[in-house]
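Student: I would like a close look at a single part of this model. Please keep the answer connected.

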Amino acid sequence: MLLIFTGTLSGQSALMDSLQQRLEENISPIHEIDVLLGMCRLAGFSGDWSLLEEKAQRAIQLSKAQGYERGMIWGYISLSNKAGEAGDIDASLGYMQQAIEVVDKSKDKSTEVAVMYWVAEHYLYYKNDLDTAIVILQSAIDKATRLTPLKDIGNVYKNLGICYDDLGEDTTALSYFDLALDYYQRPFIYDELGGSSALEVDNGQLNSGQIYIYKGTLFQNQGRYEEGIITVEKALAIYQRLEMPFFIAWAYENLGILYRLQGKTKEAVEYFQAAK
């Protein structure tokens, strides 16, 4: 059965509801695992960590029964993300190590890039070791094949952009951010699913919104305030359409800063108040 997630639903709750409806249909175990993982991703973006835990554990359990390595890997990645957000870095690394062990034993290396960019994020966010993160991310690009999901390659470029932005190398950072956007917006067919993945039910919008915020901040630091406003407004439109309060507030705050730097106090105050 060809399963294509078209992204015609607008809000995040509608996307989650569409995945829940999939679970209630007569779908194969592999498709069920994929839907569970898609729910994990949406739960992570909304901060619903208990739901993420529930769906990730179920996905891992089913994946082990089916011998479905991609499901196990993404289940462990999801739990690693949850532990990291809770500040339990040791637990986060423990789950990541389990994902690495599955990849190492697997003949299918299509998920290797995903594991590598998550490992790189540990060096980037928890150890502030940009050099090691960049080495891992560049190696991940070298390991990408035609079977590597394009969203994963986009996430590698996103993190490279963040690294080079932190290093003050604006031109390089922008080039990587633009590459990430390009990969997020391309469709990808998973052989074992016969279609797209529930991990991409938003058609790259959630990650694209992040990129627009990062680019807006970079323009802000360069004094290109009007370009920054236009770019952050693109993120705001995405997050309003997906009805994601935390990310809407993030966009409002960035717009407030940009308007304040332009000397437009009234507009800045309105955005800062809206961000609360």
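Student: How many residues line the largest pocket, and which of them lie nearest its centre?

Tutor: The model is predicted, and its pLDDT averages 93 over the protein, with 96% of the residues scoring at least 70. Residues 1–9 have a pLDDT below 50, although this stretch has 29 contacts in the model beyond near neighbours in sequence. Where pLDDT is low, the predicted coordinates should not be read in detail.

Now the pocket itself. The largest pocket has 40 lining residues, and F45, N81, E85, K158 and Q210 lie nearest its centre. Its volume is about 1100 Å³. Two or more lining residues come from each of α2 (29–46), α3 (49–66), α4 (69–85), α6 (112–126), α8 (150–166), α10 (205–221) and α12 (245–261). Of these, α4 gives the largest share of the lining, seven residues. Sorted by class, the lining consists of 19 nonpolar, 14 polar and seven charged residues.

The 18 residues of α3 reach 25 Å from the first C-alpha to the last, close to the 26 Å expected at 1.5 Å a residue. Buried in α3 are L51, L52, K55, A56, A59, I60, L62 and S63. The buried residues of α3 pack against α1 (12–23), α2 and α4; α2 and α4 also each give two or more residues to the pocket lining. Just after α3, G67 adopts a positive phi of about 65°.

Key:
Residues numbered from 1 in each chain as written. Predicted model: local features only at pLDDT ≥ 70, side-chain atom pairs only at ≥ 80, totals over all residues. Heavy atoms only, no water. 1 Å grid on protein atoms, 1.4 Å probe; cavity = no way out; pocket = protein on both sides within 12 Å on 5 of 7 lines; lining within 4 Å. Points joined across faces, edges and corners; volume = space filled by probe spheres on them. Helix = DSSP H or I, 4+ residues; strand = E, 2+ residues; numbered from the N terminus. Nonpolar A, V, L, I, M, F, W, Y, C, P; charged D, E, K, R; others polar. pLDDT = per-residue confidence, 0-100. Contact = heavy atoms within 4.5 Å. Expected span 1.5 Å × (residues − 1). Buried < 20%, exposed > 50% of the residue type's maximum accessible area, 1.4 Å probe, protein only.
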